[in-house]
Amino acid sequence: MEKEIHFKIKRQQGPDAQPYWEEFKMPYAPSHNVVSALMYLREHPTNTRGEKVDPVVWDCNCMEEVCGACAMIVNGEPRQACAALIDDLEQPIELEPLTKFPLVRDLMVDRQKMFDALQQVKAWIKVDGSWDIHRHAPLVSPKVQDIRYLFSRCMTCGCCMEACPQFHEGSSFVGPAPLGQVLLHNSHPAGEYDKEERLHAVMGDGGITDCGNAQNCVKVCPKDIPLTDAIARLGRQTTAQWLRDLFTN
Amino acid sequence: MATKPKVIVVGGGLGGLWATLRIAESGFPVDLFSLFPVKRSHSCCAQGGINAVLDVKGQRDSIWQHVVDTIKGGDYLAQQPPIKNLCEAAPGIIRTYDRMGVTFSRTPEGSMDQRLFGGVKNRRTAFAGATTGQQLLYAADEQVRAFEAEGKVKKYEEWEFLSVVLDDEGTCRGITAMNLVDMKVHAFRADAVILGTGGLGLIFGRSTMSTNSTGAAASRVYQQGARFANGEFIQFHPTAMKGHDKNRLMSEACRGEGGRIWVPKTAGDTRAPNDIPEDERFFFLEEWYPAYGNTVPRDVASRAIYRVTRHMGLGLGGEDVVYLDLTHHPREFLEKRLGGILDMYQTFSGEDPYTQPIKIFPSTHYSMGGILVGYEKDGETGGMVPVHPKNHASTIGGLFACGECDSAYHGANRLGANSLLSATFSGIVAGDASVAHVKGIKKRADDTADAAYDNEKKRQDDINRKLTSPTGKENPFALHHELGELMQGHVFVERDNKGLDQAIEGLKKLRERSQSMCLDDNGTWSNQSLSWARQIQDMIVLAEVIAKGARLRDECRGSHYKAEFELKIPEGKFEGDPEFEEYKAKWKANNDKWLKATIATHADDGPEIEFKQIDTSVLPPEKPRDYR
Ligand SMILES: Cc1cc2nc3c(=O)[nH]c(=O)nc-3n(C[C@H](O)[C@H](O)[C@H](O)COP(=O)(O)OP(=O)(O)OC[C@H]3O[C@@H](n4cnc5c(N)ncnc54)[C@H](O)[C@@H]3O)c2cc1C
Ligand code: SF4
Ligand code: SF4
């Protein structure tokens, strides 16, 4: 086993600064992951040239792969840094920030776009209020529930967005994750009432017709969310909706 | 025309989000502050479930039983009237979450399922797969986003709360916060402020909690005059997997499904676990507690593991680690019953829990104590008046607290699956209380002199300036390790007064050292070292509250254990036996002395502590807890 952990980290002091690569080495210990190693490095921020430098900036919160904060590119692949075990990675380990979102600093990016998209597709169930109405929601079959559960675990990490060739600065495609949320909310017995509104939100420019069906999104999703199934299903639903619109107008 | 009164909510976990919802629904504007997008808050970590009596399992479960379990679980230390409301509101809260689209696990007929959870007899815990907290958080997040889309909620994400702004009378009129991207401090006006900033596990170094759980925000308002209650009551979870970054919770279900806890009989045994024959393994829980074996309550298990490692030196490789062994079960069985948990272990340890025993140790998990909050008692029901400006109000006028950072409901120990409930419920109550408060205020934040805001902003700017112009050589991240070691060393699952004195001394020194730091980053753009340096200073102050409370409380109650003062139930004796009656008399005398909340007030040279009476009118402590 190697005695050291060797990192090559793509750094950038701010959005307008020039990016550069910096290397770090730290003592090996079993069961380190990328987040715990970055924690070590922020306490000992000396690069391989022996220079003391600003600690690397990155995002993380839960460290259990449920909050979605620590997504970055690890050895070329977008993934959660906390679940990237050092023992499983080839060294030097290359860390880069996600490229599809505005850079803040080093490995930290601003994924506001994804949260805006959730607003755009109205990813919520309309309720009369947050008070008790002494009734449950209509029953949900365990089958439907199982499918909904797959999608409800999306942690807005952005890995799928990073991998998707159709999602980039020049395109207005909302990206795979928000489409999964449309399906989630349309499949709730009360959420279904607003199905049309949500479908309309993804029908126009930037909607699902832009999807090249490359399946890249599914491959990188850390939660194995069947995004392309959702996209296919929404594709059928939007076509039907389009026809309905044609007749009603 | 005068603008509408505004409320600031700090924190977007379950507590903060529900407070935000209630205020927005009432038609008042809300500014919501969080360290990061609220959807990433620590609440997403909760796996197990949320308690509510739905009585869908044919067990004649009752709300009263939930009240009793909560009060007794907390060893009677919680103010009782609000617990009544908590348990009464729980079923409605679950129904509301259901309407909001939470993917609760279902029975074959499509209705809500409920499971059994620690410390109770009935199946009372609703759950959504293995990610209940995440699912509840997302539901609240989505509802808040709908209000945001209407312009009724304004989010300040990537902002750190630094302090409240107090006027001449000491009333809260707003906050200061730091933009974590450009590191600039701003002051904001508000007619009420609600803190929902979560737990404080990171004070113990690593815990099962997320990076947002430092307690720094609570410490800041404490240092500005808010009282802090029951700090010494920290729940330790017996079975966590230790990591370099955090301790990951291995659910109680592992023991429930037959997991056996053991260490090699001989210290220093270097053989691989599977090479150690059965008769050379020490199944200490089974040996010490034959009646319960491995399923003893959390606190008992934690202390036994502690004893085996720290007192007997039998931890694996001499370290703080013991085995939790499930390998005697077939793989299919484990996959079906514990798949989610074991997969997580595999992901993060790189080891196969189906063939190798899991390595665990107790970990800091939850803080029962927190910012002291009040309530208005309802003379008729014996509960809390549902909507009242005193509910969840801190001792600073205009400042409220909800969620894990408050001190309500859980007393000396929290029941499993009761805190997602209390975080939600307290958010509702605090939100409603803040609305009642702003409706009744005579003086508005807009009437407060600019000087109050300017001065507070200047005070915060000065702290930043001091930290970024090196005054010493202390590294803020290294200080955190030391803090963790001190707290785990002396203020952990087992405490004694000598160790606590050492802890208090050590913390004092740490506090002084934290005043002379040297950051490796003195920049003004997304400077995480600066933010952390500020937090570590405030964590140390709160650590002193925890340690001092523990030092003064000479008894065992709930999660707080000092061997010297343990009152043991006489073995084999029951009500009516003279030995038992004698024990009961001692227990009552102890309650007369110690059934009181610990209230800390900040002073420059450490906390000042007083004790406050508990309202036990709902369920007076007549009988000792007896789980035999
Ligand atoms: C591993 C684990 C499992 C658990 N499982 C369960 C369970 O099964 N059932 C159960 O009932 N409970 C469980 N709990 C406990 C429960 O999850 C928490 O008590 C609860 O979620 C806390 O919610 P909260 O709203 O108080 O705070 P959090 O969710 O911690 O949110 C805190 C918020 O405050 C913000 N914040 C903090 N400081 C600042 C600052 N200075 N400035 C601005 N914003 C700030 C953060 O950004 C965040 O939005 C578990 C806990 C852990 C650790
Ligand atoms: S299938 Fe569609 S959404 Fe997924 S990566 Fe390809 S283009 Fe993007
Ligand atoms: S769908 Fe998967 S990859 Fe995409 S944001 Fe959600 S969790 Fe991340």
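A word on bookkeeping: residues are numbered from 1 along each chain as its sequence is written, while chains are lettered from A and ligands numbered from 1 in the order in which they are written. Because the model is predicted, local features need pLDDT of at least 70 and side-chain atom pairs count only at pLDDT 80 or more, whereas totals for chains, interfaces and linings use all residues, and side-chain values use heavy atoms, with hydrogens and water left out.

Let's start with chain B. Its domain assignment (bounds from an automatic or database assignment) gives domain 1 (7-234 + 366-451), domain 2 (237-364) and domain 3 (459-604). Take domains 1 and 3 of chain B: their C-alpha centres lie 23 Å apart. In contact terms (heavy atoms within 4.5 Å), 39 residues of domain 1 of chain B meet 45 residues of domain 3 of chain B. The two bury about 3700 Å² between them, 62% of it on carbon and sulfur atoms; buried area is the accessible area (1.4 Å probe) that two parts lose on being put together, summed over both.

What holds charged partners across that boundary? There are two salt bridges between domain 1 of chain B and domain 3 of chain B, a salt bridge being a side-chain nitrogen of Lys or Arg within 4 Å of a carboxyl oxygen of Asp or Glu. B:Glu232 forms a salt bridge with B:Arg553, with the closest N and O atoms 2.8 Å apart. On the side of domain 1 of chain B that touches domain 3 of chain B, H5(B) gives the largest share, five residues. Helices (H or I, at least four residues) and strands (E, at least two) are DSSP runs, numbered from the N terminus.

Now for the ligand. Ligand 1 has 39 residues around it, and B:Ser41, B:Ser43, B:Glu404, B:Ser419 and B:Leu420 come nearest; here a residue counts if one of its heavy atoms lies within 4 Å. Backbone atoms reach ligand oxygens too: a backbone N or O atom of B:Gly12 is 2.8 Å from an oxygen atom of ligand 1, and for B:Gly48 the distance is 2.9 Å. A polar backbone atom of B:Leu14 sits 3.1 Å from an oxygen atom of ligand 1.

Next, the partner chain. Chain B puts 72 residues in contact with 73 residues of chain A, and the two chains bury about 5800 Å² between them, 51% of it on carbon and sulfur atoms. On the chain B side, B:Arg40, B:Arg99 and B:His244 lose the most area to chain A, together 15% of what that side buries. Four salt bridges link the chains; A:Arg105 forms a salt bridge with B:Asp521, the closest N and O atoms being 2.9 Å apart.

Finally, chain A itself splits into domain 1 (4-109) and domain 2 (112-248), with C-alpha centres 31 Å apart. The contact uses 13 residues of domain 1 of chain A and 14 residues of domain 2 of chain A. These domains bury about 1100 Å² between them, and A:Pro78, A:Lys100 and A:Phe101 supply 52% of the area on the domain 1 side. The salt bridge count between them is zero, though six residue pairs are in polar contact, both at pLDDT 80 or more.

Conventions
A polar contact is a pair of N or O atoms within 3.5 Å; within protein, one must be able to donate a hydrogen and the other to accept it, and residues adjacent in sequence count only if both atoms are side-chain atoms.
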